[in-house]
Amino acid sequence: MTSGKEEKRLMKYADLHPNIRIRIITDFFTDLTQKSIIPFMAIYLSIQIGAGLAGLLLTVNIVASMIVGLWAGYWSDRIGRKKLMVIAQSLQVVALLGLAIANSPWMDSIIVTCLMFLLSSLSSGITVPIANAMIVDVSSEHERHYVYGLQYWTTNVAVTFGALMGGLFFESFRFLLFSLVCLESLATLFILIFMIRETMDKHVLGYVDAPIQRNILKTYWAVFQDKRFMIFFTATVLAVSLEFQLDKYIAVRLKNEFTAQLFGSDISGLHMFSLIMVINTVMVALVAIPFSRWIGRFQSRSIMTVGMLLYTAGFTVLAFSNWAWLLISSAILLTVGELMYAPVRQVMLAGMIPDSDRAAYMAADGLSYNAAALLGSLGLTIGAFLPSYAMAGLYILMGLGALIFFRMLLRKAEEQNQHLPCADAS
């Protein structure tokens, strides 16, 4: 028999549940679709309807996506995952088809484009918490480090190729871009219908009458009354908000303050920002999967501690330094730190949520990213009044705060496991 540590080390893609294997592939194409559209839609809408109205529309999309995500999380725990995923993907096909028609040689409608973009956002809001809950449904604890490491890798690769597709096609070939992603979305729909199996067992959960016993408000009230989850939620907001500083305060600071020579050539702050992003993307693409396998043999608390310290140190240096080689080193540090802490964070979440409310907890966890995005924008405003070394100090406090909360939860989990009867991990 193999030990749990050895199972982690030997974990392969073929060993995973079929639903997980399929979801990783379909999620890659879904992310590819979203990232080839969303970043460029803001620019397009600003040109078509003005920056103020475009900003309002994007805000409505985000809020609507959040609300429908909470709704989907609640009902997914009651009627099953697959039904809602098929409905959401059907809406995505309609939305992308509508976007293609509205930007075709035969039609050019900004109103239809806005409506279909909203529908696409609603579809994504439904899909995300359910897909995350489905992974937890059919994965064991020792598989999750590998699964989330693999998912982290595919997401980053999809973001890279999505941005490339959008950059090449969005401005001049929107009809072609929307047609391609519509076909991809249609293929995903058929895969969901014919290949994905339902993963929620109502007989095991004993939750058939839940809609009568507890409505959606009471469900999320109970979620946010969960002290362990709220500690986790706060830690996530603090950690992820550092990531949202990168393309806001840090990008603006580099643009305004940084000039240097590298390999005999003058580079601007924007060039350095692009180089940091390239380093992050290339490192994730090359090492995320083998790295996630390797760190899986260590204790979660050790991985989280080292990862968060490296992650925090990297962002702290980016907040104030104008030395090119130190900035490059910091980009490497924060990437390694993120590769370490992010999968552990996902494993922690999967281990603390009750079976009966998995999708609801996943939807609530999604709100932490919205809160982190808000803090990221706030950081840009605060940075206009504080010197860079003060911002670096704030980053240290945020990173250490997140680490303290994460370690608190991990310590409690380890103490609880020590009081459980011993079991063979194999």
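I started with a charge over a ring: arginine 78 lies over the face of tyrosine 74, 3.9 Å from the ring centre. The rule I used asks for NZ of Lys or CZ of Arg within 6 Å of the ring centre and within 35 degrees of the ring normal.

I note that this is a predicted model, where local features need pLDDT of at least 70, side-chain atom pairs count only at pLDDT 80 or more, and totals for chains, interfaces and linings use all residues. Residues are numbered from 1 along each chain as its sequence is written, and side-chain values use heavy atoms, with hydrogens and water left out.

**Aromatic pairs**

Next I looked up ring pairs. Rings of Phe, Tyr and Trp (its six-membered ring) pair if their centres lie within 6.5 Å; planes under 30 degrees apart are stacked, over 60 edge-to-face, the rest tilted. I got 18 aromatic pairs by this rule. One of them is phenylalanine 232 with phenylalanine 406, edge-to-face, at 5.9 Å centre to centre and 70 degrees between the planes. Phenylalanine 232 sits in helix H12 (residues 227-257) and phenylalanine 406 in helix H17 (residues 388-418), 174 residues apart. Helices here are DSSP runs (H or I, at least four residues), numbered from the N terminus.

I then checked tyrosine 341 against phenylalanine 406. Their ring centres are 6.4 Å apart and the planes stand at 40 degrees, so I logged the pair as tilted. Tyrosine 341 belongs to helix H15 (residues 324-352) and phenylalanine 406 to H17, so this pair ties together parts 65 residues apart in sequence.

Buried means under 20% relative accessible area, exposed over 50%, partly exposed in between (1.4 Å probe, protein chains only). Phe232, Tyr311, Phe315, Tyr341 and Phe406 make up one aromatic cluster.

**Nonpolar patch**

I found a nonpolar surface patch of Leu375, Leu378, Ile382, Phe385, Leu386, Leu394 and Leu397, with about 630 Å² of accessible area together. Its residues have over 30% relative accessible area and no salt bridge, and nonpolar side chains are joined within 5 Å. A salt bridge is a Lys or Arg side-chain nitrogen within 4 Å of a carboxyl oxygen of Asp or Glu. Helix H16 (358-383) and H17 each give two or more residues. H16 gives the most, with three. Leucine 375 is in H16 and is partly exposed at 31% relative accessible area.

**Helix H11**

Last, I took H11 (residues 216-225), where Thr219, Tyr220 and Val223 are buried. Down the axis of H11 the buried residues fall within an arc of 85 degrees, so they line one face of the helix. I took the arc from the directions between helix axis and C-beta atoms. The face turned away carries the exposed Leu217, Lys218 and Trp221.

Conventions:
Patches are made of residues with over 30% relative accessible area and no salt bridge: like charges are joined within 9 Å, nonpolar side chains (Val, Leu, Ile, Met, Phe, Trp, Tyr) within 5 Å. Accessible areas come from the Shrake-Rupley method with a 1.4 Å probe; for residues, only the protein chains shown count as cover.
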